[in-house]
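Here is a friendly walk through this structure for someone meeting it for the first time. Please keep the model open while you read the points below.

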Amino acid sequence: MALPPQIHDLWSIWREMSGMAERQVPVNLYATLGPDREALKTLFQEGRASARALRVLELSDTAPPEADVHLVLAPATHGPDGADLAAIRRLPPEALLVLLPEVPAESLPTRRREVAANIGIRAERVVASTTMVALRKDLAKRILQSFPDQALSLARQFPFLREEATQLEIVSTSQQNAMVGLIPVPGADMPVMTINQVKMVLRLAAIHDQPMTPERLKEVLAVVGGGLALRTVARQAAKLIPGPGWLVAGGLGYAGTLAMGKAAVTYFKRTSPSEAPVATLGADGRPVIEAQATVVAPAERGG
């Protein structure tokens, strides 16, 4: 059975998305040797992380390699100063995130603003958390928000980003389809809503590092879209109800897209290759077993 014409039109979008997702996004992590650096190395190397996507450096390195993302682990007590501060100011501010673990809760907003002002960056570029565990949770959201153009690539490279990237994708598409579902003419929303849902499935495939072909897309849609026809009929019927029927249709558009996204994620997780073991973490978020991460040797540096 052939795919509908509007679905075939999506392959140019899929090829573009695949190219973006497969592009390597180098990430430089600047941190001194210690348990916090090991915790971040572990985080980035969990699961099937791309080899050599993370480069661990120190701010004292005079010629760090070029990167799309620069992460600086700074002292939580006072932030960077002296030579470290000068080194950070040389990094491109649009590619920079400064990480402050273990800041007292009452000092979080103040410390974030102080460090940002001292460096000369926006406050949202400083990720301050009370514990390393909290930092692990905050960092995924902040990375994806700060680097939206590289979100697909970053989530594909680093599995710890996938849950947050998945949530953002599903909620965003569901909200779009809720608005589309408000169109009061029965049947007028279906083509747009269907295309949005297929785009969502394609992006979720890229996020989970899943290859996609026309045949596999049909298989995925058969698995995740089993209830799509019933939801479509219900949505169109709702528009025929006098009064608030269009509101019901919008809600069904949201709920149906949300359900399809969750089903797609379940499918991709079930069909994904086995992931590499994850290092055991203690209650403080630091690794009990040190993860293997790429540390750039002097001979490898230099852009």
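1. A word on the model. This is a predicted model, in which local features need pLDDT of at least 70 and side-chain atom pairs count only at pLDDT 80 or more, while totals for chains, interfaces and linings use all residues. Residues are numbered from 1 along each chain as its sequence is written, and side-chain values use heavy atoms, with hydrogens and water left out.

2. The sheet. Strands (E, at least two residues) and helices (H or I, at least four) are DSSP runs numbered from the N terminus, and two strands pair if DSSP finds at least two bridges between them.

3. Strand β1 (residues 27-30) runs parallel to β2 (residues 54-57), with four bridges joining them, and Leu29 stands opposite Val56 of β2. Four bridges also join β1 to the parallel strand β3 (residues 69-73), where Val72 is the bridge partner of Tyr30. From β3, four parallel bridges lead on to β4 (residues 96-100), and Val72 faces Val98 there.

4. Two faces of β1. Which way do the residues of β1 point? Val27 and Leu29 go one way, Asn28 and Tyr30 the other, and all are buried. Buried means under 20% relative accessible area, exposed means over 50%, and partly exposed lies in between (1.4 Å probe, protein chains only).

5. The cores. A nonpolar core is a set of buried Ala, Val, Leu, Ile, Met, Phe, Trp, Tyr and Cys residues joined through side-chain atoms within 4.5 Å. The largest one has 52 residues, of which Phe44, Leu99, Ile143, Leu154, Phe158 and Phe268 touch the most other members. Helix α9 (residues 190-207) gives the most to this core, with eight residues. Apart from it lies another core of 21 residues, including Val72 and Ile88.

6. Rings of Phe, Tyr and Trp (its six-membered ring) pair if their centres lie within 6.5 Å; planes under 30 degrees apart count as stacked, over 60 as edge-to-face and the rest as tilted. How many aromatic pairs does the structure hold? There are three. The ring centres of Phe44 and Phe158 are 5.0 Å apart and their planes are at 90°, so this pair is edge-to-face. Phe44 sits in helix α3 (residues 35-44) and Phe158 in the loop between α7 (151-157) and α8 (162-180), 114 residues apart. Phe44 is buried at 1% relative accessibility, and Phe158 at 0%. Phe44 also pairs edge-to-face with Phe160, at 4.9 Å centre to centre and 75° between the planes.

7. Arg125 lies over the face of Phe147, 5.2 Å from the ring centre; a charge sits over a ring if NZ of Lys or CZ of Arg is within 6 Å of the ring centre and within 35 degrees of the ring normal. Ala86, in helix α4 (residues 82-89), is partly exposed because its relative accessible area is 34%.
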